[in-house]
Each structure stands twice: as structure tokens, then as C-alpha cells.
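Please keep the sequence and the coordinates in view while reading.

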Amino acid sequence: MIRIDINAQHVEGAADLWYDGLQKKAGTYWGKMDTKIEAEYNLGKLKNEKRQYRLCKLVLNHYKKHFKDYILAKEDFLKRNSSVIRALAYKYPLAKEILKDMFVSVYNDFCKQQTAYEVMKKLRVNVCPYCNRQFTFTVDNSKKTRPEFDHFYDKASYPLLALSFYNLVPSCHTCNHLKRNDEAAINPYFHGFEHKFRVMSKDAHFKGDVMTLKTSELELKLNNANAEELKNMKTFGLNALYNQHIDYVESVLDRVKSYNLSAQQSLVDSFQGAGNSPQDVSDFVWRPYLEVVQNNWPLAKLTEDLLHQFGIIKK
């Protein structure tokens, strides 16, 4: 998992564009929501549940008043209000269902608008931040496509956060499908994985050099992962998915073996006459992998972690 830099100007611009687009349609949406609540009351669903009817009205009025706060909510606001929403949903399940229907309907309608594509283009998240495995380009012409929005706090359980920009994580179809309504612990708008992937022996008791092992004896693990990282790994099935890339890991290991210190020194000696430094030679050898890291292409984090593990990247 990689972090999206929310302080970057283009990310803040995407958030503002999302808010401005919703603001322009807010009057229409509020009218439909007010009508929905009255209809539910007149049809009898809320007639004998006056406390839940009043709660729906109260919550909607509160949301209107604090509309911008909800749409541009950051981590603390999202966490705090997710707890409040969960408590209200438990105590007032009917009100929660009506609010869910209303807010999910607004979300679905707004995502069909051109603004959703404009936001994604401005956001420029071209690789899924959850898995860092797949490109998530936005194409806006006769053949449209864009990343899927994953609701970090799912819209069915937390309807008041259904439109909150930093609750909408641009993701690949695989991650969005795997997560569904499961909970993740780390929102990539605010955090990424702190620990590094390492290639290890499948045998927990192995103490030797992994370079001596066969590919079938190796596996990838997020080393010393904390509880939140483990939660995300489980939610998105990242352990199994990353171990599908063991052939990529093998290509890195083969290059490490092929360009050991002796081989690198030979290359340095060969290229010295052309004015190339040892660092130039190292960059030449590792350029395909360094470009993955520098351009934030798929598997950039895994690549960087492996290059750290084998001493190619020192810092």
C-alpha cells in the first residue's frame, strides 16, 4: 500500500472540484431527500417511529449545515463521525436505512456526471494505492474509463460519509471487489505501509542466505508488519496476490547474482575509460528497476523494498 500525498496541489484541487460539483447540485439533492423522508412518513414506515422520523430530519439538517465539513473531511473527522454513525445505526436502524437509500442514490447519480472524470484526471492516481499492482488510468473520450471509487468507510454502513472526498479511494477493480463492505485499517490518503516487503524462506527456521534457495522455496512477506498493516493485507488478500509476483522477485535475484561485486568491478573497469563512475555503472545495471521506483509504476514499493534488502539502494 502506498500513500497518496494529500498536500499536493493537484490532490487538493481534485477535492475542491468534487466539492464544487456537489455544491452546484446540492439544492436538487436536498429537495429529493426532504421529499423522500416525508414520503416514508406518509407511507407509514415512519408514522409509528416518530423518533426515527425526527432523527432523519435532524441528521439531514445537520448535514446541510455542515456540508463542506463532511465533503472535505480529513482523517480525524472521518474517524470520529464513523463512530457516531455506527452508534446511531445500531439504535435507529430504520432511520439508518432511509439515510442510506438517500445518500447512496445521490452518490450513484453524481458519479455518472462528467465531474467524476474531471476529478480523477486532476487527482492523477495512476496506480492503485491499495495494492500498488495495477494501473488505474482515467480516459475521458468516446471510450471512458476511470479508477473505481472504494468507500473506505462503506456507504451502506456509513451513509453520511458516502460523498466525503477523502473517504473515496481511487482503486483497481480487484481491490474494490475484494474489499466490498469489509473494513480496512489504513486509508491511503493518510498513511501507507511503513514496513518493507522482504523475500524470505518459506521455512521459518531457515537461517541462511535466501540467494541459495530455489524459487519454490521463497515467499514474500511484509516484514514486522503492525496490526493495521496486517488488517489491510488480509482485507485485500495482498499476501496471496504479491506471491503471484514471485517470478518478478526471481528476476531481481538473478540480477543480484549476476552482478555481484566481482562482476560489477569488471564493468566499472570496462567503463572507466568512457568517463563513467561506479555509480553510473550501478545505475546502468539497475535502471529497469530504478525506473519502476522513480516513476511510481506498479510494484514500485515492492521493487524499492527488494533493492533495499539487497543493498542496491542504500538510503
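Ser 216 is exposed because its relative accessible area is 54%, where exposed means over 50%, buried under 20% and partly exposed in between, with a 1.4 Å probe and protein chains only. Ser 216 lies in the loop between strand 3 (197-201) and strand 4 (218-222); strands (E, at least two residues) and helices (H or I, at least four) are DSSP runs numbered from the N terminus. Its C-alpha atom is 8.9 Å from that of Ile 246, although the two residues are 30 apart along the chain. The model is a predicted one, in which local features need pLDDT of at least 70 and side-chain atom pairs pLDDT 80 or more, while totals for chains, interfaces and linings use all residues. Residues are numbered from 1 along each chain as its sequence is written, and side-chain values use heavy atoms, without hydrogens or water.

Lys 301, in helix 13 (residues 300-309), counts as buried because its relative accessibility is 10%. Its side chain reaches the backbone oxygen of His 195 at 2.9 Å. Lys 301 also touches, among others, Met 1, Ile 2, Asn 132 and Leu 222, leaving aside residues up to four places away in sequence; contact here means heavy atoms within 4.5 Å.

The buried residues of helix 12 include Val 281, Val 285, Trp 286 and Tyr 289. Just after the helix, Asn 296 takes a positive phi of about 55°.

Strand 1 (residues 148-151) and strand 2 run antiparallel and are joined by four bridges; strands pair if DSSP finds at least two bridges between them. Phe 149 stands opposite Pro 170 in strand 2. From strand 2 (residues 168-171), Leu 168 and Pro 170 point one way and Val 169 and Ser 171 the other, and all are buried.

The whole structure holds zero disulfides, a disulfide being a pair of cysteine sulfur atoms within 2.5 Å. For Cys 172, the nearest cysteine sulfur is that of Cys 175, 3.7 Å away. Cys 172 is buried because its relative accessible area is 3%.

Technical notes
A polar contact is a pair of N or O atoms within 3.5 Å; within protein, one must be able to donate a hydrogen and the other to accept it, and residues adjacent in sequence count only if both atoms are side-chain atoms.
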